[in-house]
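Please keep the structure in view while reading.

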Amino acid sequence: MNDQLLMETFKIYAVLNAEGKILKENAQLYQTDDEVRGTLMAFAHEVDCTILSADPYIYLVPLTKNSIFHITNDEIKKQYFPSRSLNVDIYLMYVAIIIFIGEFYDSYQTARPTRDFLTTVEWLSSLNERLMTLRNIDEEVLKDLEEEYAYNWLDILTNWEAMDNIKEGVRRHTARTVSRMSFILIVKQFMIKEEIAMEIGQDELCLTDKAHAIVRKYFMEYEYNKGILEFIYQLEQGETIDAGNSQD
(Lines give C-alpha, C1' and ligand atoms only; values in the text may rest on other atoms or scores of the structure.)
Protein backbone atom coordinates (compact mmCIF):
# COMPACT_ATOMS: atom_id res chain seq x y z
CA MET A 1 0.00 0.00 0.00
CA ASN A 2 1.45 3.36 -1.01
CA ASP A 3 1.68 6.30 1.40
CA GLN A 4 -1.27 8.17 -0.10
CA LEU A 5 -3.57 5.19 0.12
CA LEU A 6 -2.42 4.48 3.67
CA MET A 7 -3.22 8.06 4.65
CA GLU A 8 -6.71 7.82 3.13
CA THR A 9 -7.25 4.57 5.01
CA PHE A 10 -6.15 6.17 8.26
CA LYS A 11 -8.53 9.10 7.70
CA ILE A 12 -11.43 6.65 7.50
CA TYR A 13 -10.25 4.87 10.63
CA ALA A 14 -9.82 8.18 12.46
CA VAL A 15 -13.52 8.98 11.92
CA LEU A 16 -14.52 5.47 13.00
CA ASN A 17 -12.32 5.87 16.07
CA ALA A 18 -13.90 9.19 17.01
CA GLU A 19 -17.53 8.63 16.01
CA GLY A 20 -17.96 4.85 15.88
CA LYS A 21 -19.33 5.14 12.35
CA ILE A 22 -18.83 6.86 9.02
CA LEU A 23 -21.17 7.46 6.10
CA LYS A 24 -20.48 5.08 3.24
CA GLU A 25 -20.29 7.99 0.83
CA ASN A 26 -17.36 9.30 2.87
CA ALA A 27 -15.58 5.95 2.89
CA GLN A 28 -15.90 4.78 -0.70
CA LEU A 29 -12.40 3.28 -0.70
CA TYR A 30 -13.56 0.79 1.93
CA GLN A 31 -16.10 -0.54 -0.54
CA THR A 32 -14.00 -0.40 -3.70
CA ASP A 33 -10.45 -1.22 -2.64
CA ASP A 34 -9.65 -4.65 -1.12
CA GLU A 35 -6.35 -3.40 0.29
CA VAL A 36 -8.00 -0.52 2.10
CA ARG A 37 -10.73 -2.78 3.44
CA GLY A 38 -8.20 -5.33 4.69
CA THR A 39 -6.10 -2.65 6.38
CA LEU A 40 -9.13 -1.15 8.12
CA MET A 41 -10.16 -4.59 9.36
CA ALA A 42 -6.60 -5.09 10.67
CA PHE A 43 -6.78 -1.74 12.50
CA ALA A 44 -10.12 -2.77 14.03
CA HIS A 45 -8.77 -6.17 15.06
CA GLU A 46 -5.97 -4.49 17.02
CA VAL A 47 -8.57 -2.86 19.29
CA ASP A 48 -10.81 -5.98 19.57
CA CYS A 49 -13.35 -4.60 17.13
CA THR A 50 -14.80 -5.41 13.74
CA ILE A 51 -16.18 -3.26 10.94
CA LEU A 52 -19.77 -3.77 9.83
CA SER A 53 -21.51 -2.29 6.82
CA ALA A 54 -25.19 -1.35 7.25
CA ASP A 55 -26.80 1.40 5.20
CA PRO A 56 -26.02 4.22 5.26
CA TYR A 57 -23.01 3.76 7.56
CA ILE A 58 -19.95 1.66 8.20
CA TYR A 59 -19.65 0.90 11.93
CA LEU A 60 -16.75 0.11 14.27
CA VAL A 61 -18.20 -2.49 16.65
CA PRO A 62 -16.40 -3.83 19.76
CA LEU A 63 -16.27 -7.63 19.94
CA THR A 64 -15.06 -8.12 23.51
CA LYS A 65 -15.21 -6.26 26.79
CA ASN A 66 -11.44 -5.82 26.49
CA SER A 67 -11.92 -3.39 23.63
CA ILE A 68 -11.28 0.25 24.49
CA PHE A 69 -14.56 0.97 22.64
CA HIS A 70 -16.60 -1.31 24.87
CA ILE A 71 -19.00 0.64 27.10
CA THR A 72 -18.27 -0.15 30.74
CA ASN A 73 -20.93 -0.96 33.30
CA ASP A 74 -20.14 2.25 35.16
CA GLU A 75 -20.62 4.32 32.02
CA ILE A 76 -23.98 2.68 31.32
CA LYS A 77 -25.15 3.21 34.90
CA LYS A 78 -24.08 6.84 34.83
CA GLN A 79 -25.80 7.60 31.52
CA TYR A 80 -29.01 5.62 31.80
CA PHE A 81 -29.82 4.35 35.29
CA PRO A 82 -30.85 6.09 38.52
CA SER A 83 -28.23 6.65 41.20
CA ARG A 84 -27.35 3.65 43.37
CA SER A 85 -28.01 1.22 40.54
CA LEU A 86 -26.00 -2.00 40.63
CA ASN A 87 -24.22 -4.21 38.11
CA VAL A 88 -27.16 -6.61 38.30
CA ASP A 89 -29.24 -3.88 36.60
CA ILE A 90 -26.80 -4.02 33.68
CA TYR A 91 -27.01 -7.80 33.41
CA LEU A 92 -30.80 -7.62 33.48
CA MET A 93 -30.52 -5.04 30.70
CA TYR A 94 -28.40 -7.44 28.64
CA VAL A 95 -31.03 -10.16 29.08
CA ALA A 96 -33.77 -7.71 28.06
CA ILE A 97 -31.83 -6.79 24.90
CA ILE A 98 -31.25 -10.44 23.99
CA ILE A 99 -34.94 -11.15 24.38
CA PHE A 100 -35.88 -8.04 22.38
CA ILE A 101 -33.68 -9.13 19.47
CA GLY A 102 -34.84 -12.72 19.78
CA GLU A 103 -38.47 -11.67 19.36
CA PHE A 104 -37.69 -10.83 15.74
CA TYR A 105 -36.44 -14.34 14.93
CA ASP A 106 -37.99 -17.80 15.08
CA SER A 107 -35.02 -19.36 16.85
CA TYR A 108 -31.37 -18.81 17.61
CA GLN A 109 -30.51 -20.76 14.45
CA THR A 110 -32.32 -18.51 11.95
CA ALA A 111 -30.95 -15.29 10.52
CA ARG A 112 -34.15 -14.05 8.85
CA PRO A 113 -36.43 -11.76 10.88
CA THR A 114 -40.04 -12.91 11.18
CA ARG A 115 -41.67 -9.69 12.37
CA ASP A 116 -41.44 -5.99 11.58
CA PHE A 117 -41.82 -4.38 14.99
CA LEU A 118 -42.32 -5.01 18.69
CA THR A 119 -44.20 -2.91 21.24
CA THR A 120 -42.81 -2.20 24.69
CA VAL A 121 -45.80 -3.99 26.22
CA GLU A 122 -45.08 -7.13 24.16
CA TRP A 123 -41.40 -6.89 25.03
CA LEU A 124 -42.17 -6.55 28.74
CA SER A 125 -44.51 -9.53 28.58
CA SER A 126 -41.92 -11.69 26.82
CA LEU A 127 -39.18 -10.75 29.31
CA ASN A 128 -41.47 -11.43 32.26
CA GLU A 129 -42.57 -14.82 30.91
CA ARG A 130 -39.00 -16.02 30.45
CA LEU A 131 -37.87 -14.83 33.85
CA MET A 132 -40.86 -16.46 35.52
CA THR A 133 -39.96 -19.70 33.73
CA LEU A 134 -36.45 -19.27 35.08
CA ARG A 135 -37.87 -18.87 38.59
CA ASN A 136 -39.39 -22.35 38.32
CA ILE A 137 -35.95 -23.94 37.94
CA ASP A 138 -34.39 -25.49 41.03
CA GLU A 139 -31.95 -23.08 42.71
CA GLU A 140 -29.10 -25.58 42.64
CA VAL A 141 -29.54 -25.92 38.88
CA LEU A 142 -29.61 -22.13 38.58
CA LYS A 143 -26.33 -21.88 40.48
CA ASP A 144 -24.75 -24.33 38.02
CA LEU A 145 -26.18 -22.30 35.13
CA GLU A 146 -24.64 -19.16 36.61
CA GLU A 147 -21.20 -20.71 36.27
CA GLU A 148 -21.91 -21.95 32.74
CA TYR A 149 -23.26 -18.68 31.33
CA ALA A 150 -21.54 -16.15 33.64
CA TYR A 151 -24.92 -14.60 34.48
CA ASN A 152 -26.02 -14.35 38.12
CA TRP A 153 -29.56 -15.59 37.46
CA LEU A 154 -30.65 -15.59 41.09
CA ASP A 155 -29.70 -11.93 41.56
CA ILE A 156 -31.32 -11.03 38.22
CA LEU A 157 -34.56 -12.69 39.31
CA THR A 158 -34.50 -11.01 42.72
CA ASN A 159 -33.92 -7.65 41.06
CA TRP A 160 -36.79 -8.17 38.60
CA GLU A 161 -39.22 -9.35 41.28
CA ALA A 162 -38.41 -6.32 43.45
CA MET A 163 -39.65 -3.96 40.74
CA ASP A 164 -43.17 -2.60 41.09
CA ASN A 165 -45.49 -4.61 38.86
CA ILE A 166 -48.66 -2.60 39.50
CA LYS A 167 -50.54 -1.50 36.39
CA GLU A 168 -47.80 -2.78 34.06
CA GLY A 169 -50.42 -2.99 31.29
CA VAL A 170 -50.58 0.80 31.28
CA ARG A 171 -48.05 2.38 28.96
CA ARG A 172 -45.66 4.70 30.72
CA HIS A 173 -43.58 7.31 28.97
CA THR A 174 -41.15 8.28 31.69
CA ALA A 175 -38.56 6.39 33.71
CA ARG A 176 -39.07 8.13 37.04
CA THR A 177 -40.34 5.13 39.00
CA VAL A 178 -38.67 1.83 39.74
CA SER A 179 -41.06 -0.37 37.80
CA ARG A 180 -40.69 -3.03 35.17
CA MET A 181 -42.03 -0.76 32.45
CA SER A 182 -39.74 2.09 33.46
CA PHE A 183 -36.83 -0.37 33.30
CA ILE A 184 -37.90 -1.36 29.77
CA LEU A 185 -37.96 2.33 28.81
CA ILE A 186 -34.42 2.79 30.12
CA VAL A 187 -33.22 -0.15 28.02
CA LYS A 188 -35.09 1.28 25.04
CA GLN A 189 -33.21 4.57 25.41
CA PHE A 190 -29.92 2.67 25.47
CA MET A 191 -30.77 0.65 22.34
CA ILE A 192 -31.87 3.72 20.42
CA LYS A 193 -28.69 5.60 21.40
CA GLU A 194 -26.55 2.62 20.33
CA GLU A 195 -28.58 2.30 17.10
CA ILE A 196 -29.75 -1.21 17.92
CA ALA A 197 -33.42 -0.23 17.72
CA MET A 198 -35.49 2.67 16.45
CA GLU A 199 -39.03 3.89 16.92
CA ILE A 200 -41.29 3.58 13.88
CA GLY A 201 -44.56 4.52 15.56
CA GLN A 202 -46.11 5.13 18.94
CA ASP A 203 -44.80 2.39 21.21
CA GLU A 204 -43.45 0.45 18.21
CA LEU A 205 -39.78 -0.49 17.94
CA CYS A 206 -37.89 -2.22 15.16
CA LEU A 207 -34.34 -3.48 14.74
CA THR A 208 -31.97 -1.24 12.81
CA ASP A 209 -29.90 -2.31 9.81
CA LYS A 210 -26.92 -2.20 12.16
CA ALA A 211 -28.62 -4.67 14.51
CA HIS A 212 -29.55 -7.00 11.64
CA ALA A 213 -25.93 -6.92 10.44
CA ILE A 214 -24.69 -7.84 13.92
CA VAL A 215 -27.23 -10.66 14.16
CA ARG A 216 -26.25 -12.08 10.78
CA LYS A 217 -22.53 -11.96 11.42
CA TYR A 218 -22.12 -12.54 15.15
CA PHE A 219 -25.27 -12.82 17.26
CA MET A 220 -26.14 -16.37 16.19
CA GLU A 221 -22.58 -17.69 16.46
CA TYR A 222 -21.89 -19.79 19.57
CA GLU A 223 -18.36 -18.38 19.74
CA TYR A 224 -19.86 -15.01 20.61
CA ASN A 225 -23.14 -15.80 22.37
CA LYS A 226 -21.69 -18.67 24.47
CA GLY A 227 -24.92 -20.63 24.22
CA ILE A 228 -26.98 -17.93 25.94
CA LEU A 229 -29.37 -17.68 22.97
CA GLU A 230 -30.24 -21.35 23.02
CA PHE A 231 -30.80 -21.08 26.76
CA ILE A 232 -33.14 -18.09 26.35
CA TYR A 233 -35.17 -19.87 23.66
CA GLN A 234 -35.49 -22.91 25.91
CA LEU A 235 -37.13 -20.62 28.47
CA GLU A 236 -39.66 -19.56 25.85
CA GLN A 237 -40.42 -23.12 24.79
CA GLY A 238 -40.72 -24.39 28.36
CA GLU A 239 -38.15 -27.14 27.83
CA THR A 240 -36.55 -28.94 30.75
CA ILE A 241 -33.28 -27.20 31.52
CA ASP A 242 -30.29 -28.85 33.12
CA ALA A 243 -26.91 -27.22 33.59
CA GLY A 244 -24.63 -28.04 30.70
CA ASN A 245 -27.30 -29.38 28.35
CA SER A 246 -27.00 -26.50 25.88
CA GLN A 247 -23.66 -27.83 24.71
CA ASP A 248 -24.83 -31.42 24.22
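## A charge over a ring

A charge counts as sitting over a ring if NZ of Lys or CZ of Arg is within 6 Å of the ring centre and within 35 degrees of the ring normal. The model here is predicted. In this model, the charged end of K21 sits over the ring of Y57, 4.3 Å from the ring centre.

Y57 also has an aromatic partner. The rings of Y57 and Y59 have their centres 5.8 Å apart. Their planes meet at 55 degrees, so the pair is tilted. Y57 is partly exposed, at 22% relative accessibility. Y59 is buried, with a relative accessible area of 5%.

## Aromatic pairs

How many aromatic pairs does the structure hold? There are eight. One of them joins Y91 and Y94, 6.0 Å centre to centre. The angle between their planes is 80 degrees, and the pair is edge-to-face. Both residues lie in helix α5 (residues 87-102). They are three residues apart, about one turn of the helix.

Y91 is partly exposed, with a relative accessible area of 30%. Y94 counts as partly exposed too, at 22% relative accessibility. Elsewhere, ring pairs link F81, W160 and F183 into a cluster.

N73 lies in helix α4 (residues 73-80). Is N73 buried or exposed? Its relative accessibility is 18%, so N73 counts as buried. The cut-off for buried is under 20%.

Which residue makes a polar contact with the side chain of N73? The partner is the side chain of Y94, at 3.3 Å. Setting aside residues up to four places away in sequence, N73 touches N87, I90, Y91 and Y94. Y91 and Y94 are thus both partners in the edge-to-face pair and contacts of N73.

## Nonpolar cores

In soluble globular proteins, nonpolar side chains tend to be buried together. The largest nonpolar core here has 46 residues. Within this core, M93, F100, W123, F183 and M191 touch the most other members. Elements giving two or more residues to the core include α4, α6 (120-135), α9 (180-193) and β6 (204-207). The largest share, 11 residues, comes from α5.

M93 contacts I76, F81, F183, V187 and F190, leaving aside neighbours within four places in sequence. A second, separate core has 15 residues. Its members include A27, V36, I51 and I58.

Note on methods: Residues are numbered from 1 along each chain as its sequence is written. This is a predicted model: local features need pLDDT of at least 70, side-chain atom pairs count only at pLDDT 80 or more; totals for chains, interfaces and linings use all residues. Side-chain values use heavy atoms; hydrogens and water are left out. Helices (H or I, at least four residues) and strands (E, at least two) are DSSP runs, numbered from the N terminus. Buried means under 20% relative accessible area, exposed over 50%, partly exposed in between (1.4 Å probe, protein chains only). A polar contact is a pair of N or O atoms within 3.5 Å; within protein, one must be able to donate a hydrogen and the other to accept it, and residues adjacent in sequence count only if both atoms are side-chain atoms. Contact means heavy atoms within 4.5 Å. Rings of Phe, Tyr and Trp (its six-membered ring) pair if their centres lie within 6.5 Å; planes under 30 degrees apart count as stacked, over 60 as edge-to-face and the rest as tilted. A nonpolar core is a set of buried Ala, Val, Leu, Ile, Met, Phe, Trp, Tyr and Cys residues joined through side-chain atoms within 4.5 Å.
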